[in-house]
Amino acid sequence: MSTQSFAYAQVREALTKQITEQQLTGSLPSERELCATFDIARSTLRQALGQLENMGLIYRKNRSGWYVCPRKLKYDPMQHASFLQYTTAQGFQPSTVLLEQKKQKPCKEIATALELDGRASLTSILRVRSVDGRAVVVEDLNFSNKHLPDIEKHDLSLSISMLLKNTYQHHKVLYDISVESCCLFNPIAQHLDTYDGALGLKVTRIVRDQQGTAFEFDREFWRHDALMIENKAKLQF
C-alpha cells in the first residue's frame, strides 16, 4: 500500500469513528483545517471525504462545505402508506412542494407499462419531499386518466395513497418495483440541493389494482444518504 493510500484510509477511519461515536456532528471543519489536523495534502483528504460521502456518512452542500448526514429515514417502497404517515411515525417533520402538474401523452416506457394506446393521456406531477427541512426525494408520478378519472382536479401536493384509498377505493394495491443506483443530474440535483452527478437511488414503481390493472407509473429519485430501505415481509417455506 502506498503512503498516500495509507494516509487517506487513516483519515477515513478516523472521521468514521468520530461520526459514529457522535464526536463530530453538524458541519465538518473546512478542508484547510482538516488537512492541517491530519497533516495531509488536499488531494488525499478529498479521496477520504469522497469515500465517506459514498458511504452515506457525510454530504456536500452547494457552496457551503461538508456536513454529517442526519439519521436516515427507514423506507419500505412496498408499503401502501403516505409519506406523512411513515415519516412522522419515525419522528421526522415532513413537507412537500409541488413543482409541476400537467396533462400529457405517455412516453413509450410508460405506455407499455400501463398498457395504454396512443389516445390515452396521463396526469403527471413532479414534487419534492423533505424531512426536517432537508429535501430527500424528487417524485415523478404519472397517473392514467382512463383509470383515475378527474384526478387532476384534486390537490396532488397531498398524500396520493390516501387519495387512492378514499376517492378511488384502492385500499389494496399491487406493486412492481425496482431499485437501482443512479446519478442525480440537474435539475433533479438542484431540487435536492446537491451537485450535478451526485450519487442517488432510483425507485421505479408500477401500481396495480387487485385485478392486476396498472394505473400509475412512478419514478423516485432519492439522495442515497437519506434513507435505509427496509422490508419486513414474512417468508413462508
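Buried means under 20% relative accessible area, exposed means over 50%, and partly exposed lies in between, as found with a 1.4 Å probe on protein chains only. The structure in these views is a predicted model, in which local features need pLDDT of at least 70, side-chain atom pairs count only at pLDDT 80 or more, and totals for chains, interfaces and linings use all residues. Residues are numbered from 1 along each chain as its sequence is written, and side-chain values use heavy atoms, with hydrogens and water left out.

View 1. Asp 150 is partly exposed, with a relative accessible area of 40%. Its place is in the loop between S6 and H6; here helices (H or I, at least four residues) and strands (E, at least two) are DSSP runs, numbered from the N terminus. Although Asp 150 is not a glycine, its phi is positive, at about 65 degrees. Asp 132 belongs to the loop between S5 and strand S6 (134-144), and its phi is likewise positive, near 50 degrees. Most residues other than glycine have a negative phi, and most peptide bonds are trans.

View 2. Asn 186 and Pro 187 are joined by a cis peptide bond, with omega about 10 degrees. Pro 187 is found in the loop between S7 and helix H7 (188-191).

**View 3. The open sheet of 6 strands.** The strands follow the order S4-S5-S6-S9-S8-S7 with antiparallel pairing, where two strands pair if DSSP finds at least two bridges between them. At the edges are strand S4 (94-104) and strand S7 (174-184), each of which pairs on one side only. From one strand to the next, the twist averages 15 degrees; axes are lines fitted to C-alpha atoms, for helices over the stretch in contact, and angles run from 0 to 180 degrees between N-to-C directions. Strand S8 (residues 198-208) and S9 run antiparallel and are joined by 9 bridges. Val 203 has Glu 220 in S9 as its bridge partner.

**View 4. The surroundings of Leu 122.** Leu 122 is found in strand S5 (residues 122-131) and is buried, with a relative accessible area of 0%. Apart from neighbours within four places in sequence, the residues in contact with Leu 122 include Lys 102, Pro 106, Ile 110, Leu 114, Phe 143 and Asn 145; contact means heavy atoms within 4.5 Å. Met 162 is 40 residues from Leu 122 along the chain, and their C-alpha atoms are separated by 19 Å.

**View 5. Helix H3 and the residue that follows.** Helix H3 (residues 42-54) has 13 residues and spans 18 Å from its first C-alpha to its last, close to the 18 Å expected, the expected span being 1.5 Å times one less than the number of residues. Among the buried residues of H3 are Thr 44, Leu 45, Ala 48, Leu 49 and Leu 52. An α-helix has 3.6 residues a turn, so residues three or four places apart point the same way. Just after H3, Gly 56 takes a positive phi of about 80 degrees.

**View 6. The hairpin of S1 and S2.** Strand S1 (residues 58-61) and strand S2 (residues 65-68) run antiparallel, joined by 4 bridges. Ile 58 stands opposite Val 68 in S2. The two strands form a hairpin with 3 residues between them, and Arg 63 in the turn has a positive phi of about 60 degrees.

**View 7. Aromatic rings.** Rings of Phe, Tyr and Trp (its six-membered ring) pair if their centres lie within 6.5 Å; planes under 30 degrees apart count as stacked, over 60 as edge-to-face and the rest as tilted. By this rule the structure has 4 aromatic pairs. The rings of Tyr 59 and Tyr 67 are stacked, because their centres are 5.7 Å apart and their planes are at 25 degrees. Both Tyr 59 and Tyr 67 are buried. The pair of Tyr 75 and Trp 222 is tilted, with centres 4.7 Å apart and planes at 45 degrees. Tyr 75 lies in strand S3 (residues 73-75) and Trp 222 in strand S9 (residues 214-223), so this pair ties together parts that are 147 residues apart in sequence. Tyr 75, Phe 83, Tyr 86 and Trp 222 form one aromatic cluster.
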